[in-house]
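Subject: Structure handover

Hello,

Here is the structure I promised to pass on. Please open it first, then read my notes below.

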Protein chains: 2
Amino acid sequence: MSARPYCVFSAEGSAPRVGARSGDGVLDLAEALGDPVFAAPTLNPFMAQGPAAWREVRAAVAGLSGPVVPLAEVRLHRPFEVADFVDYYSSLEHATNCGRILRPGSAPLSANWREIPVGYHGRSGTVLASGTPIVRPSGVRAGEPCPTFGPSVKLDVEVEVGFVVGVPSTLGRPVPIGDFAAYVFGAVILLDWSARDIQSFEQQPLGPNLGKSFATTIGPWVVPLAALDGALVEPPRADPPPLPHLRPTGPSGYDIRLQFAVNGRVISRPRFASMYWTPAQQFAHLTSNGASLRTGDLLGSGTVSSFDPGAQGCLLELTADGREPLRLADGTQLGYLADGDRVTVSASAPGADGPIDFGVAEATVLPAL
Amino acid sequence: MSARPYCVFSAEGSAPRVGARSGDGVLDLAEALGDPVFAAPTLNPFMAQGPAAWREVRAAVAGLSGPVVPLAEVRLHRPFEVADFVDYYSSLEHATNCGRILRPGSAPLSANWREIPVGYHGRSGTVLASGTPIVRPSGVRAGEPCPTFGPSVKLDVEVEVGFVVGVPSTLGRPVPIGDFAAYVFGAVILLDWSARDIQSFEQQPLGPNLGKSFATTIGPWVVPLAALDGALVEPPRADPPPLPHLRPTGPSGYDIRLQFAVNGRVISRPRFASMYWTPAQQFAHLTSNGASLRTGDLLGSGTVSSFDPGAQGCLLELTADGREPLRLADGTQLGYLADGDRVTVSASAPGADGPIDFGVAEATVLPAL
């Protein structure tokens, strides 16, 4: 079966349509399979078809060798339209690090953290294609004698993995955790841009809003969920054990390895296998109150971080809120993001036929208006 | 000019399409005006056309008297598709009441409250048509010796007004507060269902999620923003004065009067004119970080409450978190919502040709599954 990720691409003069990765090229699925669902400008119609169709197409794609358009000749678009976007906070190490850095002297984890996957709804309308520049946001920050409005001076990015829903569910009917693979289509790299100064001023009591809502980047390649079966691992031991509706029916962590670079220099290698709450648990939590799912619902994992040096997924942690800039090999220092900085994140996971390549999600920071 | 609210309706055997209120009936706009934009099953295509088209249609509708379908013969649908939903917390009295009830002994308002309109993103996919039943949500609540999962025992509803965006904006470009009426199409009644026990357990540090995400109800009638010009009022005096980008260019409050009833008994009469942060300020805040707008973006005002007895917009406030149930005229008591309770909210505002009727948003609570 193919582990080839899907994308939405356009070649010169042609409309965006669905493709599959094939070496250094893109397989044109509308042409190769003769199915109009792949002539759509997003993966949404295909994602809505459900697991039987997903399986059939994966099997068909595995046997195809052409027609392939070289990657150098295509433009890659945002691969799906986002319905609702829920972003979690599911790394124990990230949550602990943030608590220690931002609230020294008090308990780093909130009382609910080990009981439920804590998360919030983000802005779907600003989930962007990889490559879309990030304009430095302005906002209200704490100040003396009073708060001021101006460009963020603590622009950060969180390295995450996103899981996208294909099959809708029924309002009022929670979806059991064991049905994760019957609803979720695949996984992408996700960059959660975060203006820490705006966020910390606004966050009480209703959570992040403008500190995050200006941009989220997703990678151009969607890895089919079933292709990641070979990457399934047991997550870290849960203490206390999860409540029954959040108890996985098998291994539910994924051994996805990420690489986080700024201006071409790798600054960390976060490991998704360390996540305390897994995508299946986040999924079950989301519908446990009867909330319904739509095609295109996106679940962000939250920053992927470990306590190991060099395995933390955001600059808040890597630089202690900017107080301890990273010293890079060429002698330069990196604190929070500067105008012109280019962030690139890549990922891979073990697959049945060798490593699965998630490709690269990237964006460059532009100055505030 | 017509102050007639718009709806999406269907008569027996016909597909949903756009109508305008006409007494006790609905004017079929696709038929009356011969414009296919009104044959759509949502207001979104018309909303996207912008203020010149909105003005032209209002003028045309004012002179029409038929064809009218009696309200008794139509079904009213959710009038628009929601893109992103941001819910605010903009009543000083509501925020103060909540702080006093839930955090006695500490400052009721967070330090940011008078500086920015505090808000969070809600779930767009569960914004429902009036009349859709509300299944009591289950979730994780605090408990001894440990938290448990089960049906909410503190089901509440917040009475709000929603403002819906028609015209999209450009990513990275804040929209000035003075452009509010060039982007915002109209206003609806909004019911923000809230499971207080689920919400209070989950809310730290990322805000409300499952305590709210199961349902939001909007009224069937969208009042054109321009029809509300006669209801514009000065909001309460701001202290401190708003930062420049949040400073209104004229009166920006609205004299909308709401009526909140449970099982047919009016329990409060919230007044929208008392809101500290106005829709124009919420709108300017939303894009101040460069976040873009889409057609269908919905801004909820937050609970409309005053300190006056009987002018509070949710049961948390009206019953002191359920500890002091309301005694109704017939001797029954009302704490949080019970299964079978029917909530109805109506609203009106002064208009050029008499009161503007927002109609009724309503829903009945069904038992947990």
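A residue is called buried when its relative accessible area is under 20%, exposed when it is over 50%, and partly exposed in between (1.4 Å probe, protein chains only). By that cut-off, 63% of the 369 residues of chain A count as buried.

Some ground rules. This is a predicted model, where local features need pLDDT of at least 70, side-chain atom pairs count only at pLDDT 80 or more, and totals for chains, interfaces and linings use all residues. Residues are numbered from 1 along each chain as its sequence is written, chains are lettered from A and ligands numbered from 1 in the order in which they are written, and side-chain values use heavy atoms, with hydrogens and water left out.

**Chain A by itself**

Chain A has eight helices and 24 strands. Helices (H or I, at least four residues) and strands (E, at least two) are DSSP runs, numbered from the N terminus. The radius of gyration of chain A is 20 Å, close to the 21 Å from the globule rule for 369 residues, so chain A is as compact as a globular protein of that length. That radius is taken over C-alpha atoms, and the rule is 2.2 Å times the number of residues to the power 0.38. Along the principal axes, the C-alpha atoms of chain A fill a box of roughly 65 × 50 × 35 Å.

Now the contacts (heavy atoms within 4.5 Å). Take those in chain A with a separation of 6 or more: residues 24 or more positions apart account for 72% of them.

**Where chain A meets chain B**

How many residues of each chain are in contact with the other chain? There are 52 from chain A and 52 from chain B. The area buried between the two chains is about 5,000 Å², and carbon and sulfur atoms give 58% of it. Buried area is the accessible area (1.4 Å probe) that two parts lose on being put together, summed over both. A:Arg123, A:Leu206 and A:Asn289 supply 16% of the area that chain A buries against chain B, more than any other three residues.

Two salt bridges are counted between the chains. Each needs a side-chain nitrogen of Lys or Arg within 4 Å of a carboxyl oxygen of Asp or Glu. One of them joins B:Arg123 to A:Asp297, with the closest N and O atoms 2.8 Å apart.

Which elements give two or more residues to the side of chain A that touches chain B? They are strand 7 (119–122), strand 10 (138–141), helix 6 (196–202) and helix 7 (279–287) of chain A. Strand 7 gives the largest share, four residues.

Most residues other than glycine have a negative phi, and most peptide bonds are trans. Here are the exceptions to look at.

The peptide bond from A:Gln204 to A:Pro205 is cis, with omega near -5 degrees. A:Pro205 lies in the loop between helix 6 and strand 14 (216–218) of chain A. In chain B, the bond from B:Gln204 to B:Pro205 is cis, with omega near -5 degrees.

A:Asp321 is not a glycine, yet has a positive phi of about 60 degrees. A:Asp321 sits in the loop between helix 8 (315–318) and strand 21 (326–327) of chain A. Is A:Asp321 buried or exposed? A:Asp321 is buried, at a relative accessible area of 14%. B:Asp321 has a positive phi of about 60 degrees too, and counts as buried at 13% relative accessibility.

Best wishes
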